[in-house]
Amino acid sequence: GYKMMYYARAVQPDIDFGFRHGPMKIPFVIHPENFSSNGLVMWLPKRVEILSSPAVSGYSMPWLKQLAAHEYRHAVQYNNINRGFVRAFSYIIGQQSSTIGLLFMPLWGLEGDATLSETQMSSFGRALQPSFTMHYRALGNFAKERGPNKWFCGSYREYIPDHYQLGYQITAYANTKYNENIWDKIVRYAVRNPYTIAPTYVAMRKYYSTSTTKLFRETFADLNDYWNSLPYQPNTSTQISADKQKGYTKHRYPQYIDQNSILSLCETLDKPDAFVVTDSKSGRRKLLAYTGAVSTRPSEVVGGRIWWTEYRRSLLFAERVNSKLCYMDIERGRTHTINHKDKVLYPTPISEHELAWVEYFPNGCYNIVRGNPLPRQKAEYLRVEIPSDIEIHGLAYDNYTRALYFIATDDSGMWLGRVGKNREIEHITQGAYITISDLRAKDGMLYFGSIQSGK
């Protein structure tokens with residue numbers, strides 16, 4: 001709670017940049033026992049809800065700092081929407097008038113403006129990640145070939161980037177082109193002239209001689225001109241599987257389990273996640289077992305067993321979502337949940353009978369733990385306490401140095417660390433605003449993803 005209020009007060013003087021009115025007075029509600037990290041601002045009743053557990057797939061900025069820069073911007077938007085017709089109507093129906101007020105600023109505009117604020121006001125917003133534009137880059141000049149409806153509405157058949165990515169690109173382009181925050185004038189006109197039926201459309205025409213469709217096409221034409229100017233990078237990979245999928249399918253965390261078999265986690269839009277085995281020669285796939293919502297990536301297979309964690313919602317409390325430890329024996333294809341391990345992240349096998357993992361507690365602190373999690377009786381574990389200002393975003397064990405390594409995030413950015421012989425925390429690299437991910441270790445080497453090159 002103290003951290004959240006510190007960051008909120010730090011951004012308060014400038015969070016209203018580009019708007020006439022600052023943030024509304026609004027209560028913050030923090031849920032510290034929900035591993036499904038998120039944040040939202042609601043107006044019925046008005047509140048900012050913070051799911052304070054740091055996101056598993058985070059980047060080189062503390063989680064609460066990102067939430068403050070993003071969610072508090074929504075409080076600014078709502079305060080500017082709550083004017084004119086909307087405010088007058090609120091005297092009749094109360095805060096339910098917000099449902100009408102949000103018609104005057106589309107969802108992609110709300111989230112795009114907030115994502116822009118998060119990126120500009122924080123040390124390293126999500127829009128600076130290469131993954132934020134990767135799908136758009138892969139499609140090429142799609143804005144000229146197709147209408148914009150699918151990109152604004154989404155699809156259940158194919159993958160469409162969400163309104164955060166779309167809204168950010170359009171808002172950033174429009175603000176740069178017109179040298180101001182376009183939503184200030186649009187919202188101000190819309191809430192005072194609702195009788196025009198489509199006040200957002202009219203305001204865009206009135207002040208900027210443009211429209212949503214025109215901005216969409218101009219934005220991605222400009223982006224594609226920039227992307228096409230970059231040096232060409234040939235595709236050096238080859239596709240293993242020959243199976244044709246009817247819908248969007250994603251295979252994550254592949255690893256060999258024998259000479260010809262590759263295990264991966266398969267994710268689709270219409271079925272539960274599942275472990276599948278792909279034959280590298282024939283390209284055919286075989287279903288092993290379905291899983292729940294995976295929270296941290298599966299470990300390497302050791303002793304014929306693979307470990308991972310899943311989100312599990314409390315049956316009693318809606319905002320209590322734990323992260324349970326799970327494992328599967330590859331030969332049997334049966335999954336198991338260790339119920340007494342419910343705050344677990346990043347399971348990492350050390351041997352067939354020993355495991356390391358990370359535990360996160362509602363007070364915002366992490367522990368790195370080592371031991372055998374299978375016995376139901378109370379076992380003795382080696383435990384390393386992590387300082388409260390450090391987030392952990394990955395764990396790996398190296399068989400050569402016999403040490404545990406991890407990815408850490410603090411105000412200096414992301415860095416690689418190691419657990420010393422006396423359980424002390426050691427820096428391998430210094431903090432930097434470069435996102436690193438998917439840490440692995442073997443034979444004295446560390447392997448991880450990095451965006452240092454811009455990719």
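1. Tyr346 is a buried residue, with a relative accessible area of 8%, and its place in the chain is strand β12, which runs over residues 344-351. In this predicted model, Tyr346 has a positive phi of about 55 degrees although it is not a glycine, and a reader going through the backbone may wish to look at Tyr346 together with the residue in the next point.

2. Arg402 likewise has a positive phi, near 55 degrees, in a residue other than glycine. Arg402, however, belongs to the loop between β16 (391-398) and β17 (403-410), and with a relative accessible area of 66% Arg402 is exposed, whereas Tyr346 is buried.

3. Twelve of the 15 residues of α5 are buried, so the helix is largely enclosed by the rest of the structure. The buried residues of α5 are Trp108, Gly109, Leu110, Glu111, Gly112, Asp113, Ala114, Thr115, Leu116, Ser117, Glu118 and Thr119. Which elements cover them? The cover includes α2, α8 (149-153), α9 (163-178), α10, α11 and α12 (212-228).

4. Helix α2, one of the elements that cover the buried residues of α5, is itself mostly covered, with 19 of its 19 residues buried. From its first C-alpha to its last, α2 reaches 27 Å, which is close to the 27 Å expected for its 19 residues at 1.5 Å a residue.

5. Helices α10 (residues 182-192) and α11 (residues 199-208), both included in the cover of α5, also pack against each other: their axes come within 9 Å and cross at roughly 125 degrees. The two helices are therefore oblique to each other, and the crossing is right-handed. On the α10 side the contact is made by Ile182, Trp183, Lys185, Ile186, Tyr189 and Ala190, which meet Pro199, Thr200, Val202, Ala203, Met204, Lys206, Tyr207 and Tyr208 in α11. Sorted by class, this contact has eleven nonpolar residues, one polar residue and two charged residues.

6. Asn82 is found in the loop between α2 (63-81) and α3 (84-93). Is Asn82 buried or exposed? Its relative accessibility is 15%, and because the cut-off for a buried residue is under 20%, Asn82 counts as buried. When residues up to four places away in sequence are not counted, Asn82 touches Trp43 and Arg87.

7. Met4, in helix α1 (residues 2-11), has a relative accessibility of 1% and counts as buried. Leaving aside its neighbours within four places in sequence, Met4 is in contact with Phe28, Ile30, Ile50, Leu64, Leu67 and Ala68.

8. Tyr253 has its place in strand β4 (residues 249-256) and, at 17% relative accessibility, counts as buried. Which residues does Tyr253 touch, not counting those up to four places away in sequence? They are Leu263, Ser264, Leu265, Arg297, Pro298 and Asp438. Tyr253 and Val384, which are 131 residues apart in sequence, are 27 Å apart in space from C-alpha to C-alpha.

9. Glu424 lies in the loop between β18 (413-419) and β19 (425-427), and at 30% relative accessibility Glu424 counts as partly exposed. Leaving aside its neighbours within four places in sequence, Glu424 is in contact with Arg418 and Val419. Glu424 and Val56 are 368 residues apart in sequence and 23 Å apart in space, C-alpha to C-alpha.

Technical notes
Residues numbered from 1 in each chain as written. Predicted model: local features only at pLDDT ≥ 70, side-chain atom pairs only at ≥ 80, totals over all residues. Heavy atoms only, no water. Axes fitted to C-alpha atoms, helices over the stretch in contact; angles between N-to-C directions. Helix = DSSP H or I, 4+ residues; strand = E, 2+ residues; numbered from the N terminus. Parallel < 35°, antiparallel > 145°, perpendicular 65-115°, else oblique. Left-handed = near helix turned anticlockwise from the far one by under 90°. Contact = heavy atoms within 4.5 Å. Nonpolar A, V, L, I, M, F, W, Y, C, P; charged D, E, K, R; others polar. Buried < 20%, exposed > 50% of the residue type's maximum accessible area, 1.4 Å probe, protein only. Expected span 1.5 Å × (residues − 1).
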